[in-house]
Structure formats: structure tokens, C-alpha cells
Amino acid sequence: MSFDRQHEIHTRRFGRNLGVGAVLLMLVGIVFGLTVVKVTHVEFEVPSDEVSK
Amino acid sequence: MSMSDASMITRAPSQEAGFGDYFALLKPRVMSLVVFTAMVGLFAAPISVHPIVAFASILFIAIGGGASGALNMWWDADIDAIMRRTRSRPIPSGKVMPDEAKAIGIALSGFSVVLLALASNFVAAGLLAFTIFFYVVIYTMWLKRWTPQNIVIGGAAGAFPPMIGWAVATGGISLESVLMFALIFVWTPPHFWALALFMRNDYDDAKIPMLTVTHGRRSTRNHILGYTLALAAVAIGTGFTSLGGPAYIVVAVVLNIAFIKGAVDIWRRDEADSEGDDFKIERGFFKLSLAYLFLHFCAILIDPLLAHIAGGML
């Protein structure tokens, strides 16, 4: 099943979809930023079994 | 369900909610207070936090606060439709369906607590989870429609954010964070009772047992004065702990003199006086209460900031 690109729902829900998309992109950015900070600034230890490998 | 049944519960395109309507479910004005007080709690703590961790933590606290707002709107949609103040909210205005608000509230609650745990620590996440539970279950579902003490006990939900901010930095609870909690907790009743005095028919119509309805307006005026005096003791007393300092004490004394004067003015008036000037004093006291809380939390940051600047100059 495929959606017609011209279906009015695409225009009707454009604002809502744009908002959700922007929120999800921001979330990706925040989680990425947090990961970088946790790995580089917080005391981070590689598990010992990983080191032995 | 037949097609005709389905069409009956489908909104007309003109009624369809936009992104802003879903955002309004999160009560942005309440969220701004949550963000501000949580930030003060975090920055007042003696342990510094990386800016990205601080930003993400405050954001997740705000989302948790917003989630509880959405669940509150889902549960209270019937009374929101009656009260003038809340009639235009997304659910009573027909833009968002109650089940959508419930789903968004539950999803964002889980999301915010888990991500706060990952970003900071389990104490902060546990406090956020408890705050959401307290606001939605204890206040919204239980106390609000049952007891005139709804605002007094329910006020605890709004008082937790600075404790969560403090816990993000320190990983625990201490006297300082409990004092910030106490400041908002004791501030909440006079703030809402002043609102109940001049939004007089709203709570009556919605059959919410506000103090004005159950114990009368004279009793509400007495209670406002009593809680304002208790608040002054907490606010000024805080100045003599490690949370305060000379600048905080000056701000607290000035604000509490003004707030007590407002409460005494409300206490001395009767209904005829208030009707005569359309609740001018009560409205003024309500506005002052907003500035009161904002300035107290700003003042908590003044002394550490001055010490930091002085330290930098040496």
C-alpha cells in the first residue's frame, strides 16, 4: 500500500510533522552530546574483560 | 466499529490539533517555573556539573513536569470545560482527544525519568518519578476534588523541582534542598487562595472544594495571612543557612515585608470592599506572589555569584 503524495493529509499535518521531526532531531543531538560528555569528562572505565580482549 | 461510528469520533480537519496544541498540553507556563527553580537548585549546589549534562537534566525535568501537566489535563478535562480560566485548553476546546493526552503524558513520563537517570543519577530520577506520581495521582486524582487542603498538600508537587536540580548536582538530598522545597510549598497556598478569591465563581461551578467554597471567604483571608507569616519565617530563616547570605537576607526581608502587608490588606477587607474595586488588592497580591517567588530564587544565586566574582578578582 502506498500513499499518494498529493493527499491533503500531507499538507494538513505538515506543521505537526515538522514539529515532531525537529523535536526528534534535537533529541538525537542531546543524546549524542550527553554521550560525548559522559565518555570524555566523567570517570569512564572500560570493563576489565573488554581490556583483556 | 462501523465506518459511520468511526466518522463520529473523527475531528473535522479545521479542529485538528497542530503541534502547538500538543505543546500546550504540557502547560508551558508551569514548565517555565519548573525550569527556573530546577536551574536554581542545580546552580546553588556546591558541586558543579558539565553544561551539557546540566542542560539535558533541566530539559528532562521540564519534560517530566510537562508530562504530569498532560495527565492532569486528561483527568480534569470535565472540570476544565466548566471553568472560564481553563475552558480554552486543548481537550475542552476539542482539539486534542483525552486519550491522546493520556498517551502523551504516560510516554513522556517514562521517557523523562529514564533519560534523567541516564543523564544524571537515580536519586534525581527517583525524585522526578515521585513528583509526577504525586501531582497526577495524589493531587489531581485524589486530593483536588476531595479536600480543601488540596492546594496545601498538592503544592508539594510544584516544590520538588529545585530538589531535583540539587540532586542532579549532588546525587542526594540535604537541608538546603529541603529549604528550597519548603519555600515553594508554603508559598503555594496563599498564591492559589488569592486566585480563588477573585476567580470566585470558577471553583464553585466546577464543584472543586477550594477553601473559599468549603470554609468561606473570611476563613480564606485568615488562612492567607497565616500562611504568609509562616512563609516569611521560612524565607528569612533560609537566609541564615548556607543557602543564604547578606544579599539574600536583604532581598528576603524587603519581599516579605511587602508580602505580609499585602496579606494584612486582604485580611482587613470584606467582600463589599473587594467587590467595590473588583478585587484590586487580591489581584495585586497574586501578581506580587509571582514576583516574590521569582526574586527569592534569583536571590539564592546572588551570594554564590558575588563570591565567585570576588574570587575571580583576587
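Q: Axes are lines fitted to C-alpha atoms, for helices over the stretch in contact, and angles run from 0 to 180 degrees between N-to-C directions. With that in hand, why is helix 2 of chain A called roughly parallel to helix 6 of chain B?

A: Their axes come within 11 Å and cross at roughly 25°. Angles under 35 degrees count as roughly parallel, over 145 as roughly antiparallel, 65 to 115 as roughly perpendicular and the rest as oblique. Helix 2 of chain A is therefore roughly parallel to helix 6 of chain B.

Q: How do you know where these helices and residues are, and what kind of model is this?

A: This is a predicted model, in which local features need pLDDT of at least 70 and side-chain atom pairs pLDDT 80 or more, while totals for chains, interfaces and linings use all residues. Residues are numbered from 1 along each chain as its sequence is written, chains are lettered from A and ligands numbered from 1 in the order in which they are written, and side-chain values use heavy atoms, leaving out hydrogens and water. Helices (H or I, at least four residues) and strands (E, at least two) are DSSP runs, numbered from the N terminus.

Q: Which residues make the contact between helix 2 of chain A and helix 6 of chain B?

A: A:Leu27, A:Leu34 and A:Lys38 meet B:Phe111, B:Leu115, B:Leu118 and B:Ala119, where contact means heavy atoms within 4.5 Å.

Q: What span does helix 6 of chain B reach, and what is expected?

A: Helix 6 (residues 98-119) reaches 31 Å from its first C-alpha to its last, close to the 32 Å expected for its 22 residues. The expected span is 1.5 Å times one less than the number of residues.

Q: Why is helix 9 of chain B called largely enclosed?

A: Buried means under 20% relative accessible area, exposed over 50%, partly exposed in between (1.4 Å probe, protein chains only). Nine of the ten residues of helix 9 are buried, so the rest of the structure largely encloses it. Among them are B:Pro161, B:Met163 and B:Trp166. Just after this helix, B:Gly171 takes a positive phi of about 80°.

Q: Is B:Lys27 buried or exposed, and what about B:Phe279?

A: B:Lys27 has a relative accessible area of 13%, so it is buried, and B:Phe279, at 0%, counts as buried too. B:Lys27 has a positive phi of about 50° although it is not a glycine, and B:Phe279 has one of about 60°. B:Lys27 lies in the loop between helix 2 (19-24) and helix 3 (28-44) of chain B. B:Phe279 lies in the loop between helix 15 (271-276) and helix 16 (280-313).

Q: What makes helix 8 of chain B oblique to helix 10 of chain B?

A: The axes of helix 8 (residues 150-159) and helix 10 (residues 175-198) come within 8 Å and cross at roughly 130°. That makes helix 8 of chain B oblique to helix 10 of chain B.

Q: How do helix 10 and helix 13 of chain B pack?

A: Helix 10 and helix 13 (residues 217-238) of chain B pack at about 155°, with their axes 9 Å apart. They are therefore roughly antiparallel to each other. Their contact has 17 nonpolar, four polar and two charged residues.

Notes
Ala, Val, Leu, Ile, Met, Phe, Trp, Tyr, Cys and Pro count as nonpolar, Asp, Glu, Lys and Arg as charged, and the others, Gly among them, as polar.
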